[in-house]
Amino acid sequence: MAKKASDHITYYKNENGPLLSTVERNILHQDGMAFKDIDGSGTVSTVNDWRKSPKERAKAYVKELTLDEKIGQLFISDWRMGKYPSDPKQQPLLDESGTLDEGEFHGKTIFGEQTLPGTSTLLKDWFARHLILRANPSAQDLTDYLNQLHKVAEECTHFVPVCVASNSRNEHGDAVFGMNDAAGVFPAWPGTLGIAAAVNGSGIETADQFANAVRKTWNTAGLRKGYMYMADVLTDPRWQRTFGTFGEDPKLTSLILEHIIPGIQGSKDGVTSDGVAMTTKHFPGGGARENGFDPHYKEGQWNVYPTKGSLQTYHLPPFQTAVDCHTSSIMPYYAKPCAAKSAPQTDCNGSPVEMEPYGFAYNRVFINELLRKQMGFQGYINSDTGIVHNMCWGVENLDEPERVAFAVNYGGTSLISGLFDNQYAKTAYERGKTNYYQHHPVPDGFAPDDLILTEDAINRAAAATLEEKFALGMFEHPYRSPKEAAEASADPVLWAQAMDAHRKSVVLLKNDGVLPLAEAKRSGKKIFAKCFAKDAGRALRLTEELTRLLQTAGCSLTDEPQKADYGILMLFPSSGEYFSATKGFLELDICEKKTVANVDDRGIPTTQAHEETTLLEASKIAEIASQIHSRGGKVIANINFTLAWEIGNVEPYTDALLAGFDTYQSALLDVIFGNFAPSGRLPLTLPRNDEVLAVDANGVCVSPNDVPGYEKDRYMPDCMKDENGKAYAYQDRNGNYYELGFGLRYEKKLDADDSLSL
């Protein structure tokens, strides 16, 4: 087997400058300092001179790169990783190093279809320098792989390091393509909703520790760009991507971003040489869904703002925080704004916002006028994945070269995610050179100058991503130590902090005196333990894990609920897929085989129906509770909240109820047993029932899609409100409303005086 790049790295230390690392490039010496020959000029040029600013160096480099090399900088796409294919069904294709996949690939995804070469050809001939990692390798193998990519890149005439981006890798839970692509290698916090619950209850330290762990583990492994985190404020609870948000409160989301963006990037002024570049998403806020439908599919292609001023009040503030913290790039959502279903919205100057009917990556009004000129964004635009092909909302009548040009020229996008569409970009460039639109019709509603790529536009886009790599120090020091990466990923301090965050994330919703279930209270008692999930196999695995944990804690277990003194039930409901629409609205009720209405292609409920299950054996919860209660036993349940579940089929049957957010079962038991006092607070409001989410024959929801749960009562009919003026939030049998900020202590309920200062 050939030796890996890691075996041949040479390091050069500058006394008052950056560390250099290289395998293939020459090192230049001048004035007692070392410089890497990045551009191949053999001189300490502006490009090679690390004393120059990243912006200066990037502008100089685009003048030296060839047209094809610059076009290669415009695209980012998924890439397979040798023995770690993104799709578990694929067979790994290895070259002799065991690191790079040199096999050709032809495949079709939701983002489009493409025939691709092996890795070396992609890097050398296509000059691709942006890849998306979906695989879940060990930290050591990841670093070996990234080092190998840089070695191949160094063999080219012009060296540009390979920037590999990834979605979040520091959260516990099931790996979800396009969101949490990997889990379990780096220290794993609860889901982002859990981080919000912990911060809301215990303070900002959790976010600071989380950011430090991300920066340390990623940078040590050589992973320098993250598609994270979501600044989207949850306003329609049927949005399947709820689990990736920090909840429904724009103030809380802004506070968390104010800490994690500088913490991950290295400073509040932008990325540093030991930081990780963040791509904040999905501008101008993905939460304003039309009855929950997502723009990954055509039913959800609109952002709707039925409430006057909601854009400025709820959705933009977290993005302003991200801009103020100099997030490296921003990812617009696929959707386009819908003027017909929106009330008047204002920009930062108080002027009416024009609802230009293009997807946001193409949308000059939202990107150039609002985000850049008014909000002050200085980074670059990285589109969401697939805008040129399957999610090209608003520009469907353009061909692919025109879409590429329109995104770059008109929308101001610098990095297009989806496929390596180099040839389409080249076609758009050549059309400008051949006066294409003098001989071909211009698509209706578009100007020809916006549909061609000029070299100036290509230079602007390429310079933006080159500047990021210069600022990250990737040109000087792209290589990392696999050994150090493995050590960082296993850092016991970081894992302990993550575990502490899991405990802090737990929200105690209900407690009729049963908790804490301390050792003395459970001594000599029988416990019935069971996990529920939508998938039977997952339920079994989780139940086996729960059983092991309880046995380790010395608990006496029974398989018969009628003989149990206590029942511990862990519920892991699931609903929908964000890459495809459900037959009806996304189901939030914890239910099994529930009959619900279909919707038509306009999102209107029909007389046809289908069945939905969010939790297998959900109907047995009441039965099990009845058996335990029949002999004076108590039922303790935890619900895993990835969505704002309707819990009317669960809460009435419990004596104690907790909320977790992809939280370790061991952390939940620490709270249940009294080893850790519950401190989490809800980051979202739980809807009362189906009635508060009802959609009429015009497709209008009784609770507005663009307003967070804690504000929805302001806009709901008085006839739906109770004696306290509340209609939307779930109220338990003890009279507590499960709304934003709610959480119990063992001694008292959190009240306004206990709330986190925002």
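His 326 counts as partly exposed, at 30% relative accessibility; here buried means under 20% relative accessible area, exposed over 50%, and partly exposed in between, with a 1.4 Å probe and protein chains only. The residue lies in the loop between helix 9 (317–324) and strand 13 (329–332), where helices (H or I, at least four residues) and strands (E, at least two) are DSSP runs numbered from the N terminus. Glu 617 is placed in the loop between strand 22 (605–612) and helix 18 (620–629) and is partly exposed, with a relative accessible area of 26%.

The model is predicted, so local features need pLDDT of at least 70 and side-chain atom pairs count only at pLDDT 80 or more, while totals for chains, interfaces and linings use all residues. Residues are numbered from 1 along each chain as its sequence is written, and side-chain values use heavy atoms, with hydrogens and water left out.

Two cis peptide bonds can be visited next. One joins Lys 281 and His 282, with omega about 5°, and His 282 lies in strand 11 (residues 277–283). Another joins Leu 515 and Pro 516, again with omega about 5°; Pro 516 is found in the loop between strand 17 (507–511) and helix 16 (519–522). Most residues other than glycine have a negative phi, and most peptide bonds are trans.

Not counting residues up to four places away in sequence, Ile 647 touches partners including Ile 590, Phe 641, Leu 686 and Tyr 738, contact meaning heavy atoms within 4.5 Å.

His 502, in helix 15 (residues 492–505), is buried, with a relative accessible area of 0%. Among the residues that His 502 touches, leaving aside those up to four places away in sequence, are His 172, Trp 189, Asp 662 and Tyr 664.
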